[in-house]
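Let's walk through this protein together, one region at a time.

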Amino acid sequence: TILIEGAPGSGKSTLLWYMCHKWNKGEMLQEFSLVIYVKLREYSTAQPPCFVADILPCSSDIKEIACKEIADVNGKGVLFLLDGWYELSQNLQSNSIFEDIIKSSPKHSLHLSTVVVTSRYASSNKLHRLATSRLETLGFADQEVKECIMDITGNEEASRALMAAIESRPSLLSSCHIPLNLIIII
C-alpha cells in the first residue's frame with residue numbers, strides 16, 4: 001500500500017489519472033494486468049460497498065468475469081488506485097471493502113494486490129500504519145506543465161501557443177505548477 005499525501009490541488013488525483021493514462025497507453029505499470037481507479041468521493045454518502053464488484057465501473061457481466069479472475073489470483077497483478085480517502089466518512093474508512101483492500105491481510109482474497117491511495121494530510125493518520133510507502137505531491141515541475149498541456153490539447157501547435165501565452169505572464173505561469181490550476185487554465 002502506497003499513500004500519496006498532499007494539500008488540496010497539489011496533484012494527487014492528477015497523478016492517479018496520469019498513471020491510468022500511461023498504463024492504458026502501455027507506457028507505464030505494465031506489470032499490472034488490471035488497474036482499477038476508484039473515486040472515493042462517489043461513496044461518501046452511499047451504502048458501504050462490501051465486494052469488489054460493488055466498486056468496479058463496468059457492466060454486471062464484465063464485473064462477474066473480472067471478480068472471478070481477481071479472486072483466482074488473490075489480487076496479484078491488480079493495482080487499485082483509491083482516490084480521496086479524506087472524502088470517505090469514518091464509517092466507510094473503517095467498515096468497507098476499501099479498508100479491506102488497503103489492509104492487504106493474508107486472510108483477504110485481495111491480499112496480493114497493490115494499492116495506491118490518496119489523501120490530504122489531516123485525514124491520513126490511520127493510513128500511516130497501513131502504508132508501506134508514503135509520498136507527498138507538491139505540484140508540477142516546468143517540464144510536467146508542458147507535458148500536461150500537450151496531453152490535454154493533443155495538438156503540438158496549440159500547446160506551444162498556449163505555453164507561450166502562459167510564459168508571457170509570470171504570475172499565471174507560477175500558478176500552473178498546481179495541477180488543478182493548470183487544468184482550469186487549459
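A disulfide is counted here when two cysteine sulfur atoms lie within 2.5 Å of each other. In general terms, it is a covalent bond between the sulfur atoms of two cysteines. Before we count, a word on the model: it is predicted, local features need pLDDT of at least 70, side-chain atom pairs count only at pLDDT 80 or more, and totals for chains, interfaces and linings use all residues. Residues are numbered from 1 along each chain as its sequence is written, and side-chain values use heavy atoms, leaving out hydrogens and water.

How many disulfides does the rule give? The count comes to 0. Take C58, which is in no disulfide: the nearest cysteine sulfur belongs to C67, 7.6 Å away.

C58 is partly exposed, at 29%, whereas C176 is buried, at 0%.

Now look inside. In soluble globular proteins, nonpolar side chains tend to be buried together. A nonpolar core is a set of buried Ala, Val, Leu, Ile, Met, Phe, Trp, Tyr and Cys residues joined through side-chain atoms within 4.5 Å. The largest one has 25 residues, and those with the most contacts inside it include V38, I55, F80 and W85. Two or more residues come from each of β2 (34–39), α2 (60–72), β3 (78–83), α4 (97–103) and β4; helices (H or I, at least four residues) and strands (E, at least two) are DSSP runs, numbered from the N terminus. The element that gives the most is α4, with 4 residues. Apart from this core lies another, of 10 residues, among them I4 and L79.

Which residues does I55 touch? With contact meaning heavy atoms within 4.5 Å, and leaving aside neighbours within four places in sequence, I55 meets V38, Y43, P49, F80, I97, F98 and I101.

Finally, find S119 in strand β4 (residues 114–119). S119 is buried, with a relative accessible area of 0%. Leaving aside neighbours within four places in sequence, its contacts include L3, I4, W85 and L127. By contrast, I178 sits in the loop between α8 (170–175) and α9 (179–185) and is partly exposed, at 37%.

Terms used
Buried < 20%, exposed > 50% of the residue type's maximum accessible area, 1.4 Å probe, protein only.
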